[in-house]
Amino acid sequence: MKTAILLENVTKAYKGKRAVDGLSLSVEAGTVLALLGPNGAGKTTTISMILGLQQPTSGTVKLLGGDPRDPRIKSRIGAMLQDVSVIDNLKVGETIDLFRSYYAHPLPLEQLLLISGLESAKDKMATSLSGGQQRRLGFALAAASDPEILFLDEPTVGMDVTSRQLFWDTIRAMAARGKTVVLTTHYLEEADSLADRILVINQGKIIADGTPSEIKANATGRVISFTAGASVTTESLLSLPGVADLEWNGRRVKLYSGDTDRLIRVLIESRVDMRDIEIQSGGLEDAFQSLVQNAAVS
Amino acid sequence: MNTTMKATMAQCNAELLRTVRNRRFVFFSVIMPVAFFFIFSSTAGNDVKVDNVDWVPYYLMSMTVYGVVGASLTSFAQRLSRERAQGWVRLLRLTPLPSWSYVLSKLVAQGIINLLIILVVFMAGGIGKHIDLPASVWLESGLWIWIGGFSFMALGSLIGSMRNPDAVQLLALIVYMSLSIVGGLWFPTSSMSGALQTISKFTPTYRLGQGAWNLIGGGSIDWNGLLILAAYVLVFMVISAYIMKKQEAV
């Protein structure tokens, strides 16, 4: 397989603080890669460096085997950034056509309108579109070059459920055609259902890397939840061995733990006032939570 | 190379569309100069002279300059700041479009826009008020305003380098109005106080107007004025390049 993206020991520091810290990564062509992490984890900075918008403080970045700033490389990629990229006083169709003119072999306008679900909005002013529609226009622009690698920074923020569904279908179709897709997301469901490979980033470092099922299996994201009696406090629960973190929802409490089997024994032995006990092996969301929390503790 | 040419033309075409659809542009650069011209050329008699030049053609030149300056300060500056605020410029950096093509398309589009303004205002005034000037003087003064008009693109890009489009709109309007008034485009500088006249001589608007007034009064090309305009271009470009570089660094 060909390597689409290669990062070697990449660091980006702002005023002494490391947004990205010694990150190495190799992505094979044809992969759908999701970068997952809390706000400020370094996802956007990483993407910006892969795209050549920012230069790493140290380390090397190779995109399609070359320098991301090389126009020949740029003509083979497409990107949707977090900014809403519409231009004033141009219609949707005109905006897409303008973008198509930048490439030697663009996709046809009709196809771009179709995959972004904007056929009926073609003659509307781009600035008059709703937030979700503007995001979809951004996607049409990213796809205009029929790119080998598509970068999507938080693509579905602001999209409604239907838009998101259409969007996911489009990404899957592109992946099926052998395109490489790199996306950052807050929606774990999105990463879970789209990606072949998930990279969990926190504080500028990779803390987990694998397929969605590997991430779920390896992570210590197990949860015990119960309705707590009046005597139960945050302090008393956190003092128990094996409680990584907890979350209240009314009197309902969720305990995150690496070993729920041991924790349930501890809870019972400590005579904690509990009703309606549930033990979950954890979805990706819980896996993600516990990964980020464990990384923060260690 | 073929793709780049095609992209430059498409880019240029988009600029023209955006400008013509901008109501501010139509108002400040076309309607207002023509209306002002007819109002203030009618209130004064036909034989009034300013600095030994007939008032009616004098004021036509003033208003043409006013329209051209407005196109750069209100609509061009606004287009720039909108592009920057909305992340468009950032997105363009990810495309193979070379930056020279982006700059060239802006220059060409502004050149076409300014030329159209000059033609429209000249025709409205020339025909509407039967201004009788030799063809060579029409051509020379038109060319003077057209070429000198590019210097206001530099000022427009300086104002447009600010990120907040609302602030840009307000600032552009303030700069536009004060430069037009102090530069003697609304009322001739000879009607101003001595101190204001001295200040006026240093404004780029006065310099652009002066070159045209001079030509219709039978004078030759004002090289001094051209030099001052060129100096302004240099200063505006250096400052805006500095600001943009600072913003990139973040």
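Trainee: How many salt bridges does the rule find across the interface of chain B and chain A?

Mentor: Good place to start, but a caution comes before the count: this is a predicted model, where local features need pLDDT of at least 70, side-chain atom pairs count only at pLDDT 80 or more, and totals for chains, interfaces and linings use all residues. Residues are numbered from 1 along each chain as its sequence is written, chains are lettered from A and ligands numbered from 1 in the order in which they are written, and side-chain values use heavy atoms, with hydrogens and water left out. A salt bridge is a side-chain nitrogen of Lys or Arg within 4 Å of a carboxyl oxygen of Asp or Glu. Across the interface of chain B and chain A, the number found is 3.

Trainee: Which side chain of chain B meets A:Glu94 in a salt bridge?

Mentor: The N to O distance of this salt bridge is 2.8 Å. The partner of A:Glu94 is B:Arg21.

Trainee: What is the area buried between chain B and chain A?

Mentor: Buried area is the accessible area (1.4 Å probe) that two parts lose on being put together, summed over both. Carbon and sulfur atoms give 62% of it here. The total is about 2600 Å².

Trainee: Which three residues supply 27% of the area that chain B buries against chain A?

Mentor: Contact means heavy atoms within 4.5 Å, and 23 residues of chain B are in contact with 30 residues of chain A. The three that supply more of chain B's buried area than any other three are B:Arg21, B:Trp88 and B:Leu94.

Trainee: Which helix gives the most to the side of chain B that touches chain A?

Mentor: Helices (H or I, at least four residues) and strands (E, at least two) are DSSP runs, numbered from the N terminus. On chain B, α1 (2-20), α3 (55-85) and α4 (88-92) each supply at least two residues of the touching side. With 8 residues, the one that gives the most is α1(B).

Trainee: Turning to chain A, what is the strand order in the open sheet of 3 strands?

Mentor: Two strands pair if DSSP finds at least two bridges between them. In this sheet β1(A) and β2(A) are joined by 8 bridges, while β1(A) and β4(A) pair over 5 bridges. The pairing is antiparallel, and the order is β2-β1-β4.

Trainee: Why is one side of β2 and of β4 in chain A left without a neighbour in the sheet?

Mentor: Both β2 (17-28) and β4 (58-63) of chain A stand at the edges of the sheet, so one side of each lacks a neighbour. The reason is that each has a single partner strand.

Trainee: At about what angle does helix α1 of chain A run to β1(A)?

Mentor: Axes are lines fitted to C-alpha atoms, for helices over the stretch in contact, and angles run from 0 to 180 degrees between N-to-C directions. Helix α1 (43-50) of chain A lies across β1, β2 and β4 of that chain. Its angle to β1(A) is about 120 degrees.

Trainee: Which residue is the bridge partner of A:Ile77 in β6(A)?

Mentor: Here we move to an open sheet of 6 strands with mixed pairing, in the order β5-β6-β7-β3-β8-β9 of chain A. In it, 4 bridges join β5(A) to β6(A), and these strands run parallel. The partner of A:Ile77 is A:Ile149.
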